[in-house]
Amino acid sequence: MNLKVEVDVPKCVASGQCVMLAPEVFDQRDDDGMVILLDDTPPAELHDAVRESATVCPAAAIRLAES
Amino acid sequence: MSASSADTLRRVVIVGASAAGLTAAETLRRSGHTGTITLIGDEPAAPYDRPPLSKEILNGAWGPDRLPLRTEADLDALGLDTRYGRTAASLDRVARTVLLSDGTEVPYDGLIVATGVRPRRLPGAPAHTLRTLDDALALKGRLGPGRSLAVVGAGFLGAEAAAVAADLGTRVTLLEPASVPLAHAIGEDIGRVLAQAHLDHGVALRTGTGVTEVVSGGVRLDDGSVAEADTVLVAIGSRPNTEWLTGSGLTLDDGLVCDEFCAAAPGVYGAGDVARWHNPLFGTSMRVEHRTNAAEQGMAAARNLLGARQPFAPVPYFWSDQYDMKIRAYGYLRGHDEVRVVEGSLTDRKFLAVYRTGERLSGVLAIGMPPKSIRPWQRSIAAGAPWGGALSALAPSAEATA
């Protein structure tokens, strides 16, 4: 299964939940903490952490497409 | 999940269709629950996000189309039995049914209570509150040059609304009974920083001023005088929506009382603003009205309903946007004994402050600081770090001045 990740940066509230859950996939900008997507097609072993990031993101700023 | 719970848990009912309820539904499906999930919500719309209501929706930066928490396709994929526009009227735990306001009974094997809170109101004439999208749009239509607004309550919601209204050119009076806004939550010194920001933006902040009622053309103050305003927003906190649980045998005490697993009773779990649970990380019972907690607790409640038996021990997180300030805080700041600024300065409104409760590090609050300077503190709070140890490891110079 492929998992494609998209982030909606203007929605991001810089909570850092995603960075704590999946640091291989998400980071934050230094100045304002907005999300940086490091890997938009993460490997399978990271899928659970990425899904959890999307679920708990307090801004619903992470969108996933599975194919 | 244990086989036994999966076998007996065919029908899950989630009462409350906002962030906590939605997250619970999503987590149930992801964890392999194939039975029915009924999602009951009192608003007509599919789950939407509330924090932008007092920010981007109120200032007009976003339209309501930006608010849905999930796309229609994502919701469809969850296969939910949705009952929007209906409230839960009562709970029968013997028959295991939820009675809805439209008279229908919904049977359950597992129940998640995520009914949230509603705004407290003042007696007298009608006034605006700010909880729903309709509330935000109604208030937005009353803001702008030539208009005046009285905001009752300088908590986070009142402060955000006052900031947006002032930025839009509204003449704003902000009324607060305490001598320093938010002092009980974030400390007096930082409360004064936020108070000064209101004054700098032309808001008439009146502290030490209670409001007794809403009157035609304003609000009556506790000295009997009237503060005039075309529009009144009452932002004096909220009450948990637990009336429908009265008589159910569940414990209600400023929220639905839950244990460290978010369980209120066997097969009944609480999540989000309505749930008062025992957070083992801080060793205290808490009810947290923050967006991040709604999602995290919705997830925890769903997992535990399925048999995970994991204590819910989060570090709460909240943020608030006021004027050009982005305020971010991790931890449980309420009841703190000491606040110390370890980076930056209060007068620049660019600083990082940490909180001590007893002998431990209990919180961190930052304005205008990079996330990488906040995260080590967040980790230390999550680890239950002692105050002295955390300071010497993360802010040796601040410790030296102690």
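Visitor: Is Tyr330(B) buried or exposed?
Guide: Tyr330(B) counts as buried because its relative accessibility is 7%. Buried means under 20% relative accessible area, exposed over 50% and partly exposed in between, with a 1.4 Å probe and protein chains only. This is a predicted model, in which local features need pLDDT of at least 70 and side-chain atom pairs count only at pLDDT 80 or more, while totals for chains, interfaces and linings use all residues. Residues are numbered from 1 along each chain as its sequence is written, chains are lettered from A and ligands numbered from 1 in the order in which they are written, and side-chain values use heavy atoms, with hydrogens and water left out.

Visitor: How many aromatic pairs are there over all chains?
Guide: A search of the whole structure finds 5 aromatic pairs. Rings of Phe, Tyr and Trp (its six-membered ring) pair if their centres lie within 6.5 Å; planes under 30 degrees apart are stacked, over 60 edge-to-face and the rest tilted. In one of the pairs, Phe282(B) and Tyr332(B), the planes stand at 55 degrees and the centres are 6.0 Å apart, so the pair is tilted.

Visitor: Where do Phe282(B) and Tyr332(B) sit?
Guide: They are 50 residues apart, with Phe282(B) in the loop between β20 (275–279) and β21 (284–286) of chain B and Tyr332(B) in the loop between β23 (325–331) and β24 (338–345) of chain B. Strands (E, at least two residues) and helices (H or I, at least four) are DSSP runs numbered from the N terminus. Both Phe282(B) and Tyr332(B) are buried.

Visitor: How do the rings of Tyr317(B) and Tyr330(B) lie?
Guide: Their centres are 4.6 Å apart and their planes meet at 40 degrees, so this pair is tilted. Tyr317(B) belongs to strand β22 (residues 317–322) of chain B, and Tyr330(B), 13 residues away, to strand β23. Tyr317(B) counts as buried because its relative accessibility is 2%.

Visitor: New topic: how many residues of chain A and chain B does the contact take?
Guide: It takes 27 from chain A and 27 from chain B, where contact means heavy atoms within 4.5 Å. The two chains bury about 2200 Å² between them, 48% of it on carbon and sulfur atoms. Lys11(A), Thr55(A) and Pro58(A) supply 25% of the area that chain A buries against chain B, more than any other three residues. Buried area is the accessible area (1.4 Å probe) that two parts lose on being put together, summed over both.

Visitor: How many salt bridges cross the interface of chain A and chain B?
Guide: The rule finds 5, counting a side-chain nitrogen of Lys or Arg within 4 Å of a carboxyl oxygen of Asp or Glu. One of them joins Arg66(B) to Asp8(A), whose closest N and O atoms are 2.8 Å apart.

Visitor: Which element of chain A gives the most to the side that touches chain B?
Guide: α1 (17–21), β2 (26–28) and α2 (47–56) of chain A each supply at least two residues of that side. α2(A) gives the most, with 5 residues.

Visitor: How many residues of α2(A) are buried?
Guide: Of its 10 residues, 7 are buried, including His47(A), Arg51(A) and Thr55(A). The cover over the buried residues of α2(A) includes β4 (62–66) of chain A and α8 (291–305) of chain B.
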